[in-house]
Amino acid sequence: MMVQHPSLSARRRAVRGLVAVAALGAACALLPGCGKSAADAAAAPPEPAPPVVQSGQLRFPSGHPQLALLGTVEARAAKDVAVDLPARLVWNEERTQRIYPAFAGRVTTIQADLGQSVKAGAPLALLASPDFGQAQADTAKAQAGQSLAQQSLKRQRELFEAGIIARKDLEQAEADAAGAQAEVARAAARTRLYGSASGVNQQLALSSGIGGVVVERNLNPGQEVRPDQSGPALFVVTDPTSLWVQIDARESDLSSLRPGDPITLQVPAYPGATFTGKVTATADAIDPGTRTIKVRGVVANADRRLKAEMLATARVQESRAGGVVVPASAIVLDGTQHVVYVRREAGVFEPRKVELAQEGPAEVIVASGLQPGDAVVNQNALLLSRQFQSMTEDAAAAKKATP
């Protein structure tokens, strides 16, 4: 609801007050020492005539000082429009690794901390893990079994060549040797994936598979960890020179948010600065609650000024086939109806109801109610609206009170 201006009775009381002040000034002019003030008052310029409401228009007399406060701008056809969308910066998941324990164990040493740069394969922490020790022992047993199978195969081949055993016995020995070799390869590959493939030391290393920066550390010395425990990753390593942008877009924005389309980002932390990126993917489903669709982009961050979880505004250029564009400051809400004030001629302003196609923080697309070239008030439009409504109500009250 709009703020109401003083009623007719209040205006009349104000007029009576002005009359009293004028009478006091006249009396003062008759007293000694008051001549100078009366002369100054006589030399003051006369009060300008007030504006009037006529035929649904607010008319100001020529030269009224209030006209200098009512800036206007021409509505333009909506062809290329800059649209601002809410966005959030997150880690680039293509350059991020979350590290969990492969075996249960106890943390013995932490070798990396937050903000530390690490190389691919660098150990981040060491765990004392009996389960990993068991995997190492399985590898050692497989290697011993392979050695025994090779020796048995050698003897069986010599016996076969001497005609002592049948060919099927030699073939069985060859199969046993091949199976032992495969078991060694399997066990060694498993232990090599998480640490040393030789020896049994129960030392499990948590290593980074990529080079980057440690951005999360969620473990402490002596802590017991398990692969099935819930909670965050023990370490998060990422390359912060590239970040993802998650944009909440409307259905009408999808034509301008195709993979490869450019986007411009603005963040509150750096007023006036802009960062450029591009769209990489668009979701296939719309959120039924917010009626928005998730769009993902990527932005370069070589200087690392941008941080993950920053809120941002993504600006995209959209093409429109209809409607006009006006500044958001020109729109006034009258109850549930949007209104703009159009300057019909010098000093004459007319309220006009409009339908909005899209609202943005800087510009608004009007679907109906305006034409390209219409001069709309974009400075002090709300004050003009309140003045128009107050004068309209006073005029209606005065007409009703007239016998």
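The model is predicted, so a few ground rules: local features need pLDDT of at least 70, side-chain atom pairs count only at pLDDT 80 or more, and totals for chains, interfaces and linings use all residues. Residues are numbered from 1 along each chain as its sequence is written, and side-chain values use heavy atoms, with hydrogens and water left out.

Let's start with charge. Side chains of opposite charge can pair when their charged atoms come close. The cut-off for a salt bridge is a side-chain nitrogen of Lys or Arg within 4 Å of a carboxyl oxygen of Asp or Glu, and by that rule there are 16 salt bridges. One of them links Arg98 to Glu93, at 2.8 Å from N to O. To say how open such residues are, take buried as under 20% relative accessible area, exposed as over 50%, and partly exposed as in between (1.4 Å probe, protein chains only). Arg98 has 35% relative accessibility, so Arg98 is partly exposed, and Glu93, at 36%, is partly exposed as well.

Next, look at helix H4 (residues 167–194), which holds both Arg186 and Glu183, three residues apart, or about one turn of the helix. Helices here are DSSP runs of H or I with at least four residues, strands are runs of E with at least two, and the numbering goes from the N terminus. The side chains of Arg186 and Glu183 form a salt bridge at 2.6 Å, N to O. Arg186 is partly exposed at 44%, and Glu183 is partly exposed at 33%.

Arg344 and Glu350 make another salt bridge, at 3.2 Å from N to O. Arg344 is partly exposed, with a relative accessible area of 47%, whereas Glu350 is buried at 17%. Through shared partners, salt bridges join Arg344, Glu350, Arg352 and Asp374 into one network.

Now for the rings. A pair of aromatic rings is described by the distance of the centres and the angle of the planes. Rings of Phe, Tyr and Trp (its six-membered ring) pair if their centres lie within 6.5 Å; planes under 30 degrees apart are stacked, over 60 edge-to-face, and the rest tilted. The whole structure has four aromatic pairs. In one of them, Phe60 and Phe349 have ring centres 6.0 Å apart and planes at 85°, so this pair is edge-to-face. Phe60 sits in the loop between strand E2 (57–59) and strand E3 (72–74) and Phe349 in strand E22 (residues 348–359), so the pair ties together parts that are 289 residues apart in sequence. Phe60 is buried at 8%, and Phe349 is buried at 3%.

Phe103 and Phe132 have ring centres 5.4 Å apart and planes at 50°, so they count as tilted. Both of these residues are buried.

Charge and rings also meet. A charge sits over a ring if NZ of Lys or CZ of Arg is within 6 Å of the ring centre and within 35 degrees of the ring normal. Arg296 has its charged end over the ring of Trp244, 4.1 Å from the centre, and Arg305 does likewise over Tyr270 at 4.3 Å.

Finally, the strands, which pair if DSSP finds at least two bridges between them. An open sheet of four strands runs in the order E6-E13-E11-E8 with antiparallel pairing. E6 and strand E8 (117–118) are the edge strands, each pairing on one side only.
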